[in-house]
Amino acid sequence: ELGTTFDRSSLDIVRNPKRIFGLEGSIDAEVSSDWQVGGTLTWLGGSQDRNNDDEFDQDLPLTEIPPVKLTAYVENQTTSNWRNRLQLLYSGRRDPDCTNFGCTDASSYITFDFISSLDVGTGTLQLTVENLFNEEYFPLVSQAFGAFGPRNRAQARGTRLSINYSISW
């Protein structure tokens, strides 16, 4: 019935009716004994009645409603103890029509990660390359709060390599 946010200029608390709706889905398929593919879709929408006149005529800000998000992956069981995965993350563009806290545009971006896991002895050795193509982008949270000054806007990390060994017992 009533949501809470802040007025963008005065940072006063604002309570007004809000409507939030969305769709989320995932799919996974084993296309052969060695290959698996899948992905997810998340889409949200929402509006608010700023004047309490039963007119939901203003979008909810980026801090409350993110842009469309898609993920996808392809995975190969290369050998009985070695698995490789390439995954994608797409965060869409969003330009909300609103005036309250967090009301700023979001630029789209795409990142890829590569994960290779090898069963070794009693554990698993994993090599991960995040942001495989060294995409320069601002994560969604940085975009949402970046409107409040450059200190609040930080670029995402570039390509990052990590190697881990884990044992389960």
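In this predicted model, a patch of negative charge gathers on the surface from Asp-53, Asp-54, Glu-55, Asp-57, Asp-95, Asp-97 and Asp-105. One of these residues, Asp-97, sits in the loop between strand S7 (82–91) and S8. Asp-97 is exposed, because its relative accessible area of 54% is over the 50% cut-off.

A nonpolar surface patch is also present. S8 and strand S10 (160–167) supply at least two residues each. S10 gives the largest share, 4 residues. Ile-167 belongs to strand S10. With a relative accessible area of 44%, Ile-167 is partly exposed.

Thr-122 lies in the loop between strand S8 (109–120) and strand S9 (123–130). Its relative accessibility is 63%, so Thr-122 counts as exposed. Thr-122 and Asn-164 are 42 residues apart in sequence, and their C-alpha atoms are 14 Å apart in space.

The whole structure holds 3 salt bridges. In one of them, the side chains of Glu-64 and Lys-18 meet at 2.8 Å, N to O. Glu-64 is placed in the loop between strand S5 (58–59) and strand S6 (69–79), and Lys-18 in strand S3 (residues 18–30), so this pair ties together parts that are 46 residues apart in sequence.

Glu-75, Arg-83 and Arg-85 are linked in a network of salt bridges. The closest N and O atoms of Arg-83 and Glu-75 are 2.3 Å apart. For Glu-75 and Arg-85, the corresponding distance is 3.3 Å. This second pair links distant parts of the chain, with Glu-75 in strand S6 and Arg-85 in strand S7, 10 residues apart. Glu-75 has a relative accessibility of 9% and therefore counts as buried. Both arginines count as partly exposed, Arg-83 at 35% and Arg-85 at 22%.

Ser-142 lies in helix H1 (residues 140–145). Its relative accessible area is 5%, so Ser-142 is buried. Leaving aside neighbours within four places in sequence, Ser-142 is in contact with Asn-152, Arg-153 and Ala-154.

Key:
Residues are numbered from 1 along each chain as its sequence is written. This is a predicted model: local features need pLDDT of at least 70, side-chain atom pairs count only at pLDDT 80 or more; totals for chains, interfaces and linings use all residues. Side-chain values use heavy atoms; hydrogens and water are left out. Buried means under 20% relative accessible area, exposed over 50%, partly exposed in between (1.4 Å probe, protein chains only). Contact means heavy atoms within 4.5 Å. Patches are made of residues with over 30% relative accessible area and no salt bridge: like charges are joined within 9 Å, nonpolar side chains (Val, Leu, Ile, Met, Phe, Trp, Tyr) within 5 Å. Accessible areas come from the Shrake-Rupley method with a 1.4 Å probe; for residues, only the protein chains shown count as cover. A salt bridge is a side-chain nitrogen of Lys or Arg within 4 Å of a carboxyl oxygen of Asp or Glu. Lys and Arg count as positive and Asp and Glu as negative; His and the chain ends are not counted. The place of a charge is taken as NZ of Lys, CZ of Arg, CG of Asp or CD of Glu.
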